[in-house]
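Try each task first, then follow the solution step by step.

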Amino acid sequence: MNNILELRKISRKYFLNNKALSIFENINLSVKKKEKIALVGPSGCGKTSLLHIAGLLEAPSSGAVFVKGEEIKWNSDRILSNYRLNDIGFIFQFNNLLDDFNALENTALPYIISGNSKKIAFEKAELLLKQVGLEDRIKSFPNQLSGGEQQRVAIARSLINEPSIILADEPTGNLDLSSSMNVIEVFDRLVDEYDCSIILATHDLNIASLQDRVISIEELSN
Ligand SMILES: Nc1ncnc2c1ncn2[C@@H]1O[C@H](COP(=O)(O)OP(=O)(O)OP(=O)(O)O)[C@@H](O)[C@H]1O
Ligand SMILES: [Mg+2]
């Protein structure tokens with residue numbers, strides 16, 4: 001089994017005022033182990049929609065998704081949430097940290113939800129926060145951290161369950177140039193270290209060019 005993730009003939013339609021709006025059709029994409037892919041394309045072309053399907057947050061209008069060779073059945077919330085928790089790390093554009101929890105707790109949470117002990121979860125979270133350069137800020141709450149620091153917490157959190165693939169939706173979309181490069185540098189190093197594959201949606205062609213492969217929704221869709 002070579003592909004961590006495979007999208008087969010994926011289409012996405014939205015319905016607006018009873019009219020179907022087709023965003024993309026018949027997308028095929030295979031992601032190999034440790035492969036780093038940049039997903040590019042103009043605003044509104046469907047990058048977020050595609051990542052949500054790949055991250056099992058939304059079902060496609062048609063087509064099939066395979067994770068580690070297993071076809072996803074969209075009718076079992078329990079199975080879907082297991083995949084989301086254990087195989088997929090998702091990083092949202094606006095990082096989705098929980099305001100009432102500090103950096104350590106935010107990072108540890110997915111590991112605790114997976115049924116592991118809090119003690120080990122906090123140890124793992126502390127190591128990851130150290131790896132993203134936030135060892136001095138583990139007790140800080142999201143509103144006490146800069147945008148770049150919050151994204152680094154989100155990266156730490158996405159890695160704690162050692163997923164096979166990370167899906168990152170414009171992780172540097174709201175950061176200035178130097179924080180963006182810092183976040184990407186941390187990301188790159190950790191993705192290598194943890195042996196993950198990654199799909200990263202970005203408008204930044206410098207960041208895209210650092211990945212193994214650059215794909216655009218328009219090229220993939222027909
Ligand atoms: N729930 C929805 N209902 C109707 N249309 C939607 C819905 N969600 C997204 N769309 C439409 O689908 C298209 C693709 O949206 P998507 O958010 O995937 O684009 P994107 O490539 O991520 O854009 P951006 O670069 O601005 O983030 C857009 O035209 C958007 O308006
Ligand atoms: Mg988007």
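## Exercise 1: Around the ligand

Task: find which residues are around ligand 1.

Step 1. The shell consists of Tyr 14, Ile 23, Pro 42, Ser 43, Gly 44, Cys 45, Gly 46, Lys 47, Thr 48, Ser 49, Glu 170 and His 203; a residue is near a molecule if one of its heavy atoms lies within 4 Å of it.

Step 2. A word on the source: this is a predicted model, in which local features need pLDDT of at least 70 and side-chain atom pairs count only at pLDDT 80 or more, while totals for chains, interfaces and linings use all residues. Residues are numbered from 1 along each chain as its sequence is written, chains are lettered from A and ligands numbered from 1 in the order in which they are written, and side-chain values use heavy atoms, with hydrogens and water left out.

Step 3. Now look for polar contacts (pairs of N or O atoms within 3.5 Å). A polar side-chain atom of Lys 47 is 2.7 Å from an oxygen atom of ligand 1. An N or O atom in the side chain of His 203 lies 3.2 Å from an oxygen atom of the ligand, and a polar backbone atom of Cys 45 lies 3.3 Å from an oxygen atom of ligand 1.

Step 4. On its own, ligand 1 has 640 Å² of accessible area, and the protein covers 62% of that (Shrake-Rupley method, 1.4 Å probe).

## Exercise 2: Helix 1 and what follows

Task: decide how many residues of helix 1 are buried.

Step 1. Helix 1 spans residues 47–54; helices are DSSP runs of H or I with at least four residues, and strands are runs of E with at least two, numbered from the N terminus.

Step 2. In this helix, 7 of the 8 residues are buried (under 20% relative accessible area; exposed is over 50%, partly exposed in between, with a 1.4 Å probe and protein chains only). The buried ones are Lys 47, Ser 49, Leu 50, Leu 51, His 52, Ile 53 and Ala 54.

Step 3. Helix 1 also gives the most to the shell around ligand 1, with 3 residues.

Step 4. Move on to Leu 56, in the loop between helix 1 and strand 4 (62–67). Its phi is positive, near 60 degrees. Most residues other than glycine have a negative phi. Leu 56 counts as buried because its relative accessibility is 1%.

## Exercise 3: Salt bridges

Step 1. The structure holds 11 salt bridges, each a side-chain nitrogen of Lys or Arg within 4 Å of a carboxyl oxygen of Asp or Glu.

Step 2. Glu 35 is in the loop between strand 2 and strand 3 and Arg 213 in strand 9, so the parts tied together are 178 residues apart in sequence.

Terms used. A polar contact is a pair of N or O atoms within 3.5 Å; within protein, one must be able to donate a hydrogen and the other to accept it, and residues adjacent in sequence count only if both atoms are side-chain atoms.
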